Amino acid sequence: MASSSTVPLRVRSPEILLHPTCCIGDCHQNPNSARTESSQGLSLEVSFQISDPPALSHCFVRCHDLAKVTRKNSPSAEEEPFIVAASGGLALLDITFSGDDGIHPPCSDYFVYRAGGGSPSLHLLPGPYPTRYKLNMVTVLPVCDGSDDYAVVFPDVEYLMHEDRNNYTLHIYRSDTRAWSAQVACIAEEETEDARNKLVAAHVATSVVYAGSGLIGWIHLWMGAVKCNVLDTNPTIRFVPVPLNEFYLDYIAEINIQPFRHMTIYNGVIKFIELKYHRGPAFNVKRRDDEAWMATIWTRPISSDVWNEGLTFDTSDIVVTDPGFWHLLPEMVNEKNKLKLDKLMSGGPTLSLNDDHTVYILAKMSLFDPSAFVLALNTRSLMLESCAPCRGENILGFEPDYVPFALFS
């Protein structure tokens with residue numbers, strides 16, 4: 001059962017920066033709201049509070065019987081309802097119901113929110129759900145570009161650790177057939193032994209991206225991307241290595257790479273960015289005299305085997321155009337309107353999904369500062385075009401707690 005709002009959806013930007021953890025409560029007078037019922041018949045409403053980047057957008061969930069969610073495959077981590085994946089106008093939510101009313105037992109359901117087609121809608125994903133899968137690889141996508149129907153993919157890759165296996169098992173639900181199925185995706189025969197080894201490692205994905213026409217990319221920022229045409233009759237897995245850069249190789253066992261790199265796939269192009277800090281890849285409690293970095297961006301068509309090093313720039317090249325930044329952090333702009341990022345802790349690059357040469361940077365005055373800022377940099381003009389404040393107390397390692405979604409494209 002699904003129902004939708006009667007107010008057409010209006011959004012200024014097709015891309016949003018979304019915090020995956022949902023807020024509990026009502027987003028009043030919101031045209032993005034949609035309603036449905038849980039598997040136990042409980043009424044549920046999901047809405048989005050939308051802001052143009054670099055400001056963050058938030059998802060709200062309203063139900064009288066919501067409990068804090070224990071994230072699947074991680075029983076110790078209690079969290080609010082959260083967005084597992086989003087792409088192509090779709091979002092997949094994981095919501096647990098407490099059963100405290102004494103009538104309904106505790107249960108956990110998945111829901112698909114659809115933003116396209118005029119008015120938003122919310123659909124309960126029918127069970128039973130797969131019992132073996134990697135939550136960080138689960139995704140939702142249109143069954144074909146422009147379609148109102150969707151597919152949800154739960155990959156199982158546990159057995160890839162065995163040397164005699166070379167495939168993923170994909171558990172797929174399709175709304176056009178209203179049925180679950182299991183599909184085997186095999187590693188392409190032409191992949192080298194080194195690529196196959198990295199395919200095994202890459203199942204610890206940091207993000208999942210939808211590349212269009214049924215193609216999914218599982219991103220591993222140390223190794224590269226695993227791409228798979230998950231809706232094909234015979235899905236094939238191929239590996240896209242990150243551009244070779246020896247700067248971070250000495251730190252591979254010591255640091256989380258997400259504050260320094262980002263990778264995405266959009267409109268047929270794979271993009272990769274890396275920040276190389278002047279003083280090495282470390283965020284210290286005491287601010288250093290030089291927190292600046294140099295960024296390099298690579299691109300390659302999704303059908304190509306060659307990376308193109310398209311742009312390199314330094315923090316000293318960035319010019320401020322947003323007057324709001326002078327108000328928020330006046331001490332970080334010099335007399336030439338240049339941004340003094342050498343004095344500002346920053347990292348966590350996030351490439352925009354739009355074709356506008358934008359990269360979002362997370363910035364803080366100090367490591368434990370409860371306030372943080374998301375900066376929107378135009379990498380073509382090297383201008384800081386806008387900035388927005390965000391909560392920074394949980395961002396100790398400059399790992400962004402938001403992700404770019406083309407949810408309303």
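In which strand is the place of Val-209? Val-209 lies in strand β17, which covers residues 207–212. The model is a predicted one, in which local features need pLDDT of at least 70 and side-chain atom pairs count only at pLDDT 80 or more, while totals for chains, interfaces and linings use all residues. Residues are numbered from 1 along each chain as its sequence is written, and side-chain values use heavy atoms, with hydrogens and water left out. Helices (H or I, at least four residues) and strands (E, at least two) are DSSP runs numbered from the N terminus.

Val-209 has a relative accessibility of 12% and therefore counts as buried. Buried stands for under 20% relative accessible area, exposed for over 50%, and partly exposed for values in between, with a 1.4 Å probe and protein chains only. When residues up to four places away in sequence are not counted, Val-209 touches Leu-215, Ile-216, Gly-217, Ile-219, Thr-264 and Ile-265; contact means heavy atoms within 4.5 Å. Val-209 and Met-263 are separated by 54 residues in sequence and by 9.3 Å in space, C-alpha to C-alpha.

Asn-229 belongs to strand β19, residues 224–229. Asn-229 is also buried, at a relative accessible area of 18%. Its contacts, not counting residues up to four places away in sequence, are Gly-214, Leu-215, Pro-235 and Thr-236. The side chains of Asn-229 and Asp-232 make a polar contact at 2.4 Å. A polar contact is a pair of N or O atoms within 3.5 Å; within protein, one must be able to donate a hydrogen and the other to accept it, and residues adjacent in sequence count only if both atoms are side-chain atoms.

Five strands form an open sheet with mixed pairing, in the order β25-β29-β28-β27-β26. β25 (319–320) and β26 (345–351) stand at the edges with a single partner strand each, so one side of each is left without a neighbour in the sheet. Two strands pair if DSSP finds at least two bridges between them.

Ser-371 is the bridge partner of Arg-391 in β29. β28 and β29 form a hairpin with four residues between them, and Leu-382 in the turn has a positive phi of about 55°.
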